[in-house]
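Here are some notes to read beside the model.

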Amino acid sequence: MSSTTSTPPSTTGAIRWSVRTWGLLMTLCIVLFLDGLDVSMIGVALPSIGAELDLTTSSLQWLISGYVLGYGGLLLVGGRTADLLGRRKVFLIALAVFAVASLLGGVVSSGPLLIATRFIKGLAAAFTAPTGLSIITTNFAEGPARNKALSIYTVFGAGGYSSGLLFGGLMTGVGWRWTFLLPVPIALLALVAAYFLVPRDKPVAEGGHDVLGAVTSGAAMLLLVYTVVSAPEAGWTSARTIGSFVAVAVLFTAFVAIEKRIAHPLIRLGILRKSTLVRASIAIVAVGGSYFSWQFIVTLFLQETLGWSPLELALALLPIGLMVTLSAIYSDKLVDRFGTAPIIAVTMTVMAVGYLLFVLRLDTSPSYVGMLLPALLLIGIGWVGFPAINIQATSGIDDDEQGLAAGVLQTSMQVGAAIVLAVTTAIISSAQDATSATEVLDAYQPGLRFAAAVSAVGAAVAIGGWALARRTDDAPVAEVEPELAGAA
């Protein structure tokens, strides 16, 4: 078992980095921050966009779903492309595309064009996110240095999402187009910094390019995400939805067949059975899926039903963002001291308790200090374990597969969260017929319980992984990172 997944590695003193090293890390952090910011900031601006461009609710949904479609659909391809073509080249190109798409989104006045820019930004993020993570894991040695870098990096990602609510409220007050334009100068500055700071590299993965694998996997993931996010509107049992899921299964079957037979596969299937990567992927689905679903319901209930303003809502949820930001100070030290497994298990358990407390105590006139704040603080602790999940997923992975491992983890986050949110949306569909706050709350309660259940399942898996790690540590044999049965 790799030391970062179970037992704490020994440390030899404080970690000191050069100014250039800090500059590289901060540049990558800012880009990930933009990804998270862009996902959440647009949500606050949807009513204003719909009013000005005369868009229906279903069209507005695709401003979010379009981004998720591009992001979640090509993460696996994005991570492996960086391994095959060179991380610096892929990162710079994708970041430039992200900046241009952001600028276009701020000036177009057509709903379909606006959705198209969101899809393109999602595609760009599908390449910058796993590439940025793999740049870190290949430039910081495994152990305390990488733990510190990944802790800071992942905190910026989660902090970007939570900050997007606040920035979204502020920018929408000026004009909704600023929610698209705000990332442009930041992305351009990051692009210039990345040009000078990201080390030049050569492709590290050997072999040719698996074009068929890229096409089938990309098509399968794009269709899966599209099917999931459109299922609540089309109907889970509709012919379109069922037919799409069948097509997804056929594409994935074809992809697996190709990867088993090709000399230089896009994805070594054995990595998908690596125990630490599997556990980290389940954990990140539970954390992201439960939180996005919970926040979706809370946003609707507090804003539309109880009349809170976007800024009031953003400030109410701010404690979670502050806890995530502050965790950058000590999360790597916790991993060095205890390892990833116990941190993930404890923080996810506390998060599940926070959701349960929220479900049991929520009413139509909630007290912020007495009811909301305690639950928010417990839920925020769950995000403190987010850096440990990333460290666990990438530990013990060879350099030529770091981009792939990052892509697998982040695909799990995006696609898994999309599935959980889609199910949640279907569960609370009866809320649209409710006429009073009490009826709305009753309609939302099953969705809140589902989010809590997802979090609890993730916590149970994490606790099981912790128990497995302790048994492995106690075994009187050399520690070797296990893979699940049948790994290639």
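1. Start with helix 1, residues 19-53, which bends by about 55° at Ala45. A proline, Pro47, follows within four residues. The bend at a residue is the angle between axes fitted to the seven residues ending there and the seven starting there. Helices are DSSP runs (H or I, at least four residues), numbered from the N terminus. After helix 1 comes Asp54, with a positive phi near 55°.

2. On provenance, this is a predicted model, in which local features need pLDDT of at least 70 and side-chain atom pairs count only at pLDDT 80 or more, while totals for chains, interfaces and linings use all residues. Residues are numbered from 1 along each chain as its sequence is written, and side-chain values use heavy atoms, with hydrogens and water left out.

3. Next, a helix pair. Helix 5 (residues 111-139) packs against helix 6 (residues 144-174) at an angle of about 155°, and their axes are 10 Å apart. Axes are lines fitted to C-alpha atoms, for helices over the stretch in contact, and angles run from 0 to 180 degrees between N-to-C directions. Helix 5 and helix 6 are therefore roughly antiparallel (angles over 145 degrees count as such). Their crossing is right-handed (the near helix is turned clockwise from the far one by less than a right angle).

4. The second largest pocket holds about 280 Å³ of space. Of its 14 lining residues, Leu76, Met221, Phe252, Leu272 and Thr411 are the closest to its centre. Helix 9 (211-234), helix 10 (239-261) and helix 17 (402-427) each give two or more residues to this lining. Helix 17 gives the most, with five. The lining has 12 nonpolar residues, two polar and no charged. Here Ala, Val, Leu, Ile, Met, Phe, Trp, Tyr, Cys and Pro count as nonpolar, Asp, Glu, Lys and Arg as charged, and the others, Gly among them, as polar.

5. Terms for the voids: on a 1 Å grid over the protein atoms alone, a cavity is a set of points where a 1.4 Å probe fits but cannot get out. A pocket is an open set with protein on both sides within 12 Å along at least five of seven lines, and lining residues have an atom within 4 Å of a point. A volume is the space filled by probe spheres set on the points, which are joined across faces, edges and corners.

6. How many cavities of 30 Å³ or more does a search of the whole structure find? Five. About 60 Å³ lies in the largest cavity. Its lining includes Arg279, Gln392 and Trp466. Helix 18 (437-474) supplies the largest share, four residues. The lining divides into six nonpolar, two polar and one charged.

7. The second largest cavity has about 50 Å³ of space. Among its lining residues are Tyr161, Tyr291 and Trp383. Helix 6 and helix 12 (310-326) each give two or more residues to that lining.

Technical notes
Angles under 35 degrees count as roughly parallel, over 145 as roughly antiparallel, 65 to 115 as roughly perpendicular and the rest as oblique.
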